[in-house]
Amino acid sequence: MKILKFGGTSVASAERIANVAKIVQSLSKKGEEIAVVVSAMGGVTDMLVEMSRIAASGSEAYLEQLEAFSARHRAVVNQLITNKENHPAILEEIIEGQTELGNLLKGLYLTRDLTPRTMDYILSFGERSNAFILSEVLKNEGVDAIFVNARLLIKTDDTYGAAKIKKDITYHNITRHHHENRGKIAVITGFISSTEDGITTTLGRGGSDYTAAIFAGALDASEIQIWTDVDGVLTADPRKVKQAFPIKQMTYEEAMEMSHFGAKVIYPPTIIPALEKKIPIRIKNSFNPEAPGTLISDEVVKDQYAIKGITSISDVALLTLEGSALFGRSSDVARLFNVLANKNINAILITQGSSEHSISFAVNPQEAKIAELAIEDEFDLEIQAKLIDPIKVERNLSVIAAIGDNMRFQPGISGRVFTALGKNGVNVIATAQGSSERNISVVIRREDEAKALTSVHDVFFLSEYYVLNLFMVGVGLIGGTLLEQIQKQAGFLLKNQYVALRVVALANSKKMIFDQAGIDLKNWKERLSGSSETSDLREFVDKMIHLNLPNSVFIDNTANKEIVKYYPEILCSSISISTPNKVAVSGTYEEYIQLKSLADRNSVKFFYETNVGAGLPVLTTLNDLVYSGDRIRKIEGVLSGSLSFIFNSFVAGRKFSEIVGEAKEKGFTEPDPREDLSGKDVSRKLIILARESGLKMQAEEIEIENILPEACLNAPTVEAFMEELANNNDFFEAKRAAAAERGKVLRFIATLEGDKAFISLQELDETSPFYNLSGSDNMIVFTSDRYHERPLVIKGPGAGAEVTAAGVFAEILRIGYYLS
């Protein structure tokens, strides 16, 4: 025999009740003996609670709720009962029950005395009405069904709101009733019961599951099926972890642990009758009956995952009792928990340091103040004597728990949990692990709950690939190219490198767009241009931080000086940064060090490889030399792809201004080419090289030869500058011709030697490695203790959207490898 329980969402409307009737019919046609336990319609129990409180407050507003309750049930009867002969009697039965409910509420309105006993009776109308309707719907479809009022069978004490069953008499009643009605499909009211005197009681919220288990235990059922609105028990709450998926099988103990720590798996007392007789419980989806669901039994199944699931309690308070008086005194621990027991306060989590100097426990936040006052009263003498500190209360916290029987057989589970949290900036305030090794629980800030759940879930369940959440500012030449590269490479990366790149936000100078599910890169331009959100850096950063997504990377593809001021805040929010924007690390030395320190302190990455050499591995190579103990003696380089292109192209017959215009058009130069020609851009790159090599150098220490006439430097706009540059073509041609006459070429060289740094336009002959540069190639020459006689040379394209975007792309992947 199987006991089927259908929850409120499964029977929330006429259509859903009809669907349940089809499921019951289908099973009965297969010859299976079944009984059905039914909850109230979805939302009805809350409606009954609300109308009771309104009536007890002396307000007639309860009448509106009562009419809504009545109308909802009448509508279902009218829609589903098609037998015209039976319809009037069924409708009359429903109306009679609701008239009784109305009289009860009228009494509350007059007396204003809402007792737990009265509340239990009022709540019973939800299950009584719905079970009766379903039984009549089944009869209407030709099924031999019988309505069963569980109050006549399940007997309890008089603890209203959470009654305790009297097992022997209850089991006897159920068995007798079953034998008397063998062959009929019982449609049983969930949640409700009564004392032996016939006074209505309830089994607690979620008690319909318990009703099903009680009947299963009494009738030695082969299986309990809990029908709900999801495809079984999921690995995490899908509202908080998008990648959550159904669990095929779990043990009773795993189910109880997950229920205790917030998962809406099953009503915890349900497990007890099932566990006593080893009756399997299957969680099924009434909207997807063909799905296998989740089987809960006593069998421990070793599967591919180290844990079974991750769950959380969203809001807890953590209380800590601390002081020297606690050391070695077990009686004080007993006193503490006796106080909690006397106040009927449940400790959700308990942890004590090995020093025995403190003990912390999590409670429902509504009970925190009661617990605090009671404990301080109990330990008043010790607190006055300063042997124990006043109780410490921390609020706005959450508990997350990783649960699974397989944890006992695999070392390193705790390490993986804490590593995942640490890499995503989630601070662990307290932790606890049971001796069964079935549960690792941590207390964290409530605002980090979703990120913590996703981070840990990714580590254990999506270890075959990881997700990087990208937030990008700047979608011009570099940013747009980067998005194209990500789109083209996404499939390869997922299949071969096990990384999924999710672009969550984009912004240009006018618009911005956020989509937590990921922006489709096939139409990002249309979505961004059509966005209703005006671009605002402050708002962009705030939204990014507020989303608090794990594995987040901020990508700054701009040359914007304003955005750099948000870098410290971004890093402190455990968000990594990749940027070709040179402003941040070429500012003051103190700002440079601060950003690097913040990245280290918050376990994130701050990468800016493309600041020097675009996609060339310049900074990586320099760091490898320095970190491995090599001493840098000299760095020389053509560090500007734009200036390399300009002077490599500056040959007889070509005008200097035309070459600069071409470089600007190709995207080689900064928006204002003076940033390049003035040496400012090269200076920023040289200061970065100096700092990465270990020098505490400031920008003003670099000597820069000015190669631009005053009129060009002082031009008010970029357009005016280009005109002045054309007016001075003869000036530049004279320099080129003079060098050519001596068999030399012009190259804009940056040099760092010892603690001296200078930038100048030099005439170089064929003996120089820079002589044969072409296109926009950069060349950097490192002379060090190891590379002394034959310097280390890095050469390649140093400008252009493709190579710069590729450099940023590579950094994003490096960040991903670190976070994975």
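Reply: Gladly! Let me begin with a term: a cavity is a set of grid points where a 1.4 Å probe fits but cannot get out. Please keep in mind that this is a predicted model.

Me: What makes the largest cavity a space with a volume, and what is that volume?

Reply: A volume is the space filled by probe spheres set on the points, and for the largest cavity this comes to about 130 Å³. Across the whole structure, the search finds three cavities of 30 Å³ or more.

Me: How do you know which residues line the largest cavity?

Reply: A lining residue has an atom within 4 Å of a point. For the largest cavity, 17 residues line it, and nearest its centre are Met1, Ala35, His177, His178 and Ala186. Helix α6 (167–180) gives the most, with three residues. At least two each come from β2, α6, β5 (185–189) and α7 (207–219). By class, the lining holds ten nonpolar, four polar and three charged residues.

Me: What is known about the second largest pocket, and what makes it a pocket?

Reply: A pocket is an open set of points, whereas a cavity is one the probe cannot leave. The second largest pocket has a volume of about 1,000 Å³. Its lining counts 45 residues, with Asn557, Thr558, Ala559, Glu670 and Pro671 closest to the centre. Among the helices that each supply at least two lining residues are α15 (477–497) and α28 (801–819). Sorted by class, this lining has 14 nonpolar, 20 polar and eleven charged residues.

Me: How do you know that β1 and β2 are paired?

Reply: Two strands pair if there are at least two bridges between them. Strand β1 (residues 2–6) and strand β2 (residues 34–38) are joined by five bridges and run parallel, so by that cut-off they count as a pair. Leu4 stands opposite Val36 in β2.

Me: Which strands make up the open sheet, and why are β3 and β9 called its edges?

Reply: Eight strands form the sheet, in the order β3-β5-β2-β1-β8-β10-β11-β9, with mixed pairing. Strands β3 (145–148) and β9 (249–251) each have a single partner strand, so one side of each has no neighbour in the sheet. On average, neighbouring strands are turned by 20° against each other, direction ignored.

Me: What lies across β9?

Reply: That is helix α8 (residues 252–260), which lies across β9, β10 (281–285) and β11 (294–297) and runs at about 85° to β9.

Definitions and conventions: Residues numbered from 1 in each chain as written. Predicted model: local features only at pLDDT ≥ 70, side-chain atom pairs only at ≥ 80, totals over all residues. Heavy atoms only, no water. Helix = DSSP H or I, 4+ residues; strand = E, 2+ residues; numbered from the N terminus. Axes fitted to C-alpha atoms, helices over the stretch in contact; angles between N-to-C directions. Contact = heavy atoms within 4.5 Å. 1 Å grid on protein atoms, 1.4 Å probe; cavity = no way out; pocket = protein on both sides within 12 Å on 5 of 7 lines; lining within 4 Å. Nonpolar A, V, L, I, M, F, W, Y, C, P; charged D, E, K, R; others polar.
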